[in-house]
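Open the structure in your viewer and keep the selection tool at hand. We will go stop by stop.

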Number of protein chains: 2
Amino acid sequence: MPESEPAQPRPVFQRLTLIGTGLIGSSVARIARERRDLAAEVVVTDSSAAVLDRVAALGFADRIEPDLARSVAGADCVMLCAPVGAYAAIAAAIAPHLEPGAIVTDVGSTKVSVIRDVGPLLPRRVHFVPAHPLAGTEYSGPDAGFTTLFQGRWCLLTPPDGTAPGATEQVAELWRRAGSMVEVMDPVHHDRVLAIVSHLPHLIAFTICGTADDLATEGASIEATRSEVLKFAATGFRDFTRIAASDPVMWRDVFLNNKDALLEMLARFTEDAQAMARAVRWGDAAYIEDRIGRGRKIRQGLIESKQA
Amino acid sequence: MPESEPAQPRPVFQRLTLIGTGLIGSSVARIARERRDLAAEVVVTDSSAAVLDRVAALGFADRIEPDLARSVAGADCVMLCAPVGAYAAIAAAIAPHLEPGAIVTDVGSTKVSVIRDVGPLLPRRVHFVPAHPLAGTEYSGPDAGFTTLFQGRWCLLTPPDGTAPGATEQVAELWRRAGSMVEVMDPVHHDRVLAIVSHLPHLIAFTICGTADDLATEGASIEATRSEVLKFAATGFRDFTRIAASDPVMWRDVFLNNKDALLEMLARFTEDAQAMARAVRWGDAAYIEDRIGRGRKIRQGLIESKQA
């Protein structure tokens, strides 16, 4: 037991159950296994038997439990690492089996929907601390995780009003040990900030890849062929394809669960793109130059804040 | 003289005049100076005295000639490396001073407009070989250039009908020696391909940076603050800022000079974004997932073609 080893800090949790083992879940499991101070024991479950076979082969779980209800028994922390669209069903299935005093947390990219879908289903004596680690790559699945994924990255916590401060602090400590910088944020504000910095950029990247793909399949000789799009992608298009390679189910659920903020940001962007189109059509050089100039300022800000 | 050194291949040109010394022009000059087989002599001119002072300090030109007309005297190749919006005025100024048999080429990102603006102004005995090296970084100016910029990158040549094949071949050979892969393309097709792989992605990246900047300056407490946009940019937004940091004057001219193809591609993209917005609003999960799935396929194609 870690408690008997004086050099080892006490684990934050005794038993951490991870529901879902994609990029994020499998990274948390790998970190927990490597450091041993996140949780004394890591239990893993997943709705896919094939994924659990892969988890067994990769060997980053202390215990694999295919049965969702049984996976949360005895856990003092349960972390939802599935697409946010699956949360309500998961919460309903695990609620009767949660230990009194257990903490339920998650890693989803939307927070208002998570509080709406999960909060009402949890027993009164269970703590609920929604979280969102701002980390990811364009890869997904249990093979994609790695132990440095959260290093130096933000993790945003959005505890609903009345959440026990001790529960929030335990989740914060887990993420700090995983390498993250932690910030507590209002869930509505979280969803609006993420809509502009993450969800809208993903929607745009997915869309332009689709637009290019449609052009390439039209087959008219005047259009870009698929091989030309691929050959000449380095001129700008390529930067959009990295984030457009992200997991379709996860992002579908993000879009559907941050609908209002996303549609508002998309409407703002569309107005701005149409204003740019009008300036191009009517040759308004000063307007175009001014709008382009803003990109440089933001990039400079990123370089200064060392986020570039 | 290179001719007297048997180990040195004969230079493609005797005197190469570069009009404009930004990222591309200064890279060509540096390569020519390092290899000595692009041109025996590199003459540089620029409309900015400050830039020419900087070129003198950097020392990559054999000769600096502030007077545009005089800079092309005796040159067997003149390369326009200025923003495409300046081409017509440059062509008018240099036309009376070009040597019979000289080749005029360029590095602009649009090709139909270049042929329209420059072609009619050139004397009959001058060859015109428009070119577009597909290479760049988000940096600009004479300090930004480097000798490996064109290594392994495409250079597209769009010679108008009737161009002497020998002239096209000389320009192709210069770019091959600079490290490029060369392809000859119809100028209309060039402008449409570049509109989707390069010009539209840049317009979108500039626009979303502007949208985010506007949100941050609105000051309403519910919006993302500028520091939040910068802090959390790694979640997607950051990928757009690199290309959005590109040179405003150059890109303003690209947009204005590829108006028709760019507006058509933007219209297609906008339709697709609106279809995605509608699917988000009405919860059409299958549509969203299908469109997102396309991004992965294109990314996979890039990885397979080693362009990622």
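Two residues count as being in contact if their C-beta atoms, placed from the backbone, lie within 7 Å. Keep that cut-off in mind for the first stop. This is a predicted model.

**Stop 1: both chains.** Colour chain A and chain B separately. Of the interface residues of chain A, 100% are also interface residues in chain B, so the copies meet through the same surface. Now superpose chain A on chain B: a rotation of 180 degrees does it, with 0.0 Å of shift along the axis and an RMSD of 0.0 Å. The two copies are thus related as by a two-fold rotation axis. Which residue of chain A comes closest to that rotation axis? Select A:Asp239, whose C-alpha lies at 3.1 Å.

**Stop 2: two strands.** Select β8(A), residues 154-157, and β9(A), residues 181-184. They pair in the parallel sense over 4 bridges. Pick A:Leu157 and find its bridge partner, A:Val184 in β9(A). The chain crosses from β8(A) through α6(A) to β9(A), and this β-α-β crossover is right-handed.

Stop 3: Select residues 165-177 of chain A, helix α6. Its 13 residues reach 18 Å from first C-alpha to last, close to the 18 Å expected. Show side chains next. A:Ala167, A:Thr168, A:Val171, A:Ala172, A:Leu174 and A:Trp175 are buried. They cover an arc of only 155 degrees around the axis, which puts them on the same side of α6(A). The cover over these buried residues includes β5, β6, β7, β8 and β9 of chain A. Turn to the other side of α6(A): A:Pro165 and A:Gly166 are exposed there.

**Last stop.** Select A:Gly179, which follows α6(A). The phi of A:Gly179 is positive, near 110 degrees.

Key. Residues numbered from 1 in each chain as written. Chains lettered and ligands numbered in written order. Predicted model: local features only at pLDDT ≥ 70, side-chain atom pairs only at ≥ 80, totals over all residues. Expected span 1.5 Å × (residues − 1). Buried ≥ 20, exposed ≤ 12 C-beta atoms within 10 Å, placed from the backbone. Arc of directions from axis to C-beta. Pairing = 2+ DSSP bridges. Right-handed = clockwise from strand over helix to strand, strands pointing away. Least-squares fit on C-alpha atoms with pLDDT ≥ 70 in both.
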